[in-house]
Amino acid sequence: MIRILIVEDEKPISNLMRMSLSRAGYHCTCVYDGLAAADLLERESFDLILLDVMLPGVDGFELMGYIRPLEIPVIFITAKNAVSDRVKGLKMGAEDYLVKPFEIIELLARVEVVLRRYHKLGSVLEIGGLHIDLRSMQVFRDGQEIALTPKEYELLLLFAQNPGIALYRETIYQRVWDSEYLYTTRTVDLHVQRLRKKVGWQQILVAVPKVGYRLEVPRELSH
Ligand code: CA
């Protein structure tokens, strides 16, 4: 299992990250200050560290100096207006950063990109009875390939990579169609209905009233 260390002193944010990442199939450990993180890193190994910059005691930048020799990828978490922190973090060797407040799907996407870069994740997703090959962009159920349009494939991936999370229609539209201006709920609803039928997700790709849709299955991470 992929192990993620969350170093964040704000409990609500830390809890939210742990819950979302656990639901997506990652094993998470939370610490709330820099010293506790350094202590833990002496005893245990991790595949990725989510590191808040502003920490009590030893801050994220100081901790980065300690982490770098361990060669564990780091995603910095910075405050909204701290552009200089982002630059400094990247210069110190962080892989990426997240700006508070962030959306859960952004957190999951960035985590996934960094893990793929480090070859910690396989190129196959097994979810909801489907076998999704991310390299060839092919989708199989019981060994039979399911033909999807490019938009349907994008839509499928969005749900497959965000299991258990209610996705707003607007968010779905922006992610799949890359445009905010031509948004209609009808487009999203039609495509979701077609996708459900094609991949056999009628029972698990559920409508969330007044929001959008949620995929109700645990995800299995492949290595
Ligand atoms: Ca903080």
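Threonine 78 lies in strand β4, which covers residues 74–78. The structure described here is a predicted model. Threonine 78 is buried, because its relative accessible area is 0%.

**Strand β4 and its surroundings**

- Leaving aside neighbours within four places in sequence, threonine 78 is in contact with Val53, Asp85, Arg86, Leu98, Val99 and Lys100.
- Strand β4 also holds phenylalanine 76, whose partner phenylalanine 61 lies in helix α3 (residues 60–67).

**Aromatic pairs**

- The count of aromatic pairs comes to two.
- In one of them, the rings of phenylalanine 61 and phenylalanine 76 have centres 5.4 Å apart and planes at 55°, so the pair is tilted.
- Because phenylalanine 61 belongs to α3 and phenylalanine 76 to β4, this pair ties together parts that are 15 residues apart in sequence.
- Phenylalanine 61 and phenylalanine 76 are both buried.
- The rings of tyrosine 173 and tryptophan 177 have centres 5.1 Å apart, and their planes stand at 10°, so this pair is stacked.
- Tyrosine 173 and tryptophan 177 are separated by about one helical turn, because they are four residues apart in helix α7 (residues 169–177).
- Tyrosine 173 is buried, as is tryptophan 177.

**Helix α7**

- The buried residues in α7 are Arg169, Thr171, Ile172, Tyr173, Val176 and Trp177.
- These buried residues pack against the helices α5 (104–117), α6 and α8 (185–199).
- They also pack against the strands β10 (167–168) and β12 (212–215).
- Just after α7, aspartate 178 takes a positive phi of about 55°.

**Nonpolar cores**

- In soluble globular proteins, nonpolar side chains tend to be buried together.
- The largest nonpolar core of this model has 53 residues, and those with the most contacts inside it are Ile132 and Phe159.
- Apart from this core lies another one, of 21 residues, which includes Leu5, Ala38, Phe46 and Met64.
- Beyond its neighbours within four places in sequence, isoleucine 132 is in contact with Ser123, Val124, Leu125, Ile127, Gln138, Val139, Tyr153, Leu156, Leu157 and Ala160.

**The calcium site**

- The protein donors of the calcium ion are Asp9 (OD), Asp52 (OD) and Met54 (O).
- These donors lie 2.1 to 2.3 Å from the calcium ion.
- Along the sequence, the donor residues follow the spacing D-x42-D-x1-M.
- Aspartate 52 counts as buried because its relative accessibility is 2%, under the 20% cut-off.
- Methionine 54 counts as exposed because its relative accessibility is 60%, over the 50% cut-off.

**Glutamate 152**

- Glutamate 152 is found in helix α6, which covers residues 150–160.
- With a relative accessibility of 1%, glutamate 152 counts as buried.
- Its side chain makes a polar contact of 2.8 Å with the side chain of lysine 198.
- Glutamate 152 and leucine 195 are 43 residues apart in sequence, while their C-alpha atoms are 6.3 Å apart in space.

- Arginine 3 lies in strand β1, which covers residues 3–7.
- Arginine 3 is partly exposed, because its relative accessible area is 24%, which falls between the cut-offs of 20% and 50%.
- The charged end of arginine 3 sits over the ring of phenylalanine 46, at 4.9 Å from the ring centre.
- Phenylalanine 46 is itself among the residues of the core of 21 residues.
- The side chain of arginine 3 also reaches the backbone oxygen of serine 45, at 3.1 Å.
- The C-alpha atoms of arginine 3 and serine 45 are separated by 8.0 Å, although the two residues are 42 residues apart along the chain.
- Not counting residues up to four places away in sequence, arginine 3 touches His27, Glu44, Ser45, Phe46, Asp47 and Leu48.
- Elsewhere, lysine 11 lies over the face of tyrosine 32, at 4.5 Å from the ring centre.

How values were computed: Residues are numbered from 1 along each chain as its sequence is written. This is a predicted model: local features need pLDDT of at least 70, side-chain atom pairs count only at pLDDT 80 or more; totals for chains, interfaces and linings use all residues. Side-chain values use heavy atoms; hydrogens and water are left out. A nonpolar core is a set of buried Ala, Val, Leu, Ile, Met, Phe, Trp, Tyr and Cys residues joined through side-chain atoms within 4.5 Å. Buried means under 20% relative accessible area, exposed over 50%, partly exposed in between (1.4 Å probe, protein chains only). Contact means heavy atoms within 4.5 Å. Donors are N, O and S atoms within 2.8 Å of the metal (3.2 Å for Na, K and Ca); water is not among the atoms, so sites may look incomplete. Helices (H or I, at least four residues) and strands (E, at least two) are DSSP runs, numbered from the N terminus. A polar contact is a pair of N or O atoms within 3.5 Å; within protein, one must be able to donate a hydrogen and the other to accept it, and residues adjacent in sequence count only if both atoms are side-chain atoms. Rings of Phe, Tyr and Trp (its six-membered ring) pair if their centres lie within 6.5 Å; planes under 30 degrees apart count as stacked, over 60 as edge-to-face and the rest as tilted. A charge sits over a ring if NZ of Lys or CZ of Arg is within 6 Å of the ring centre and within 35 degrees of the ring normal.
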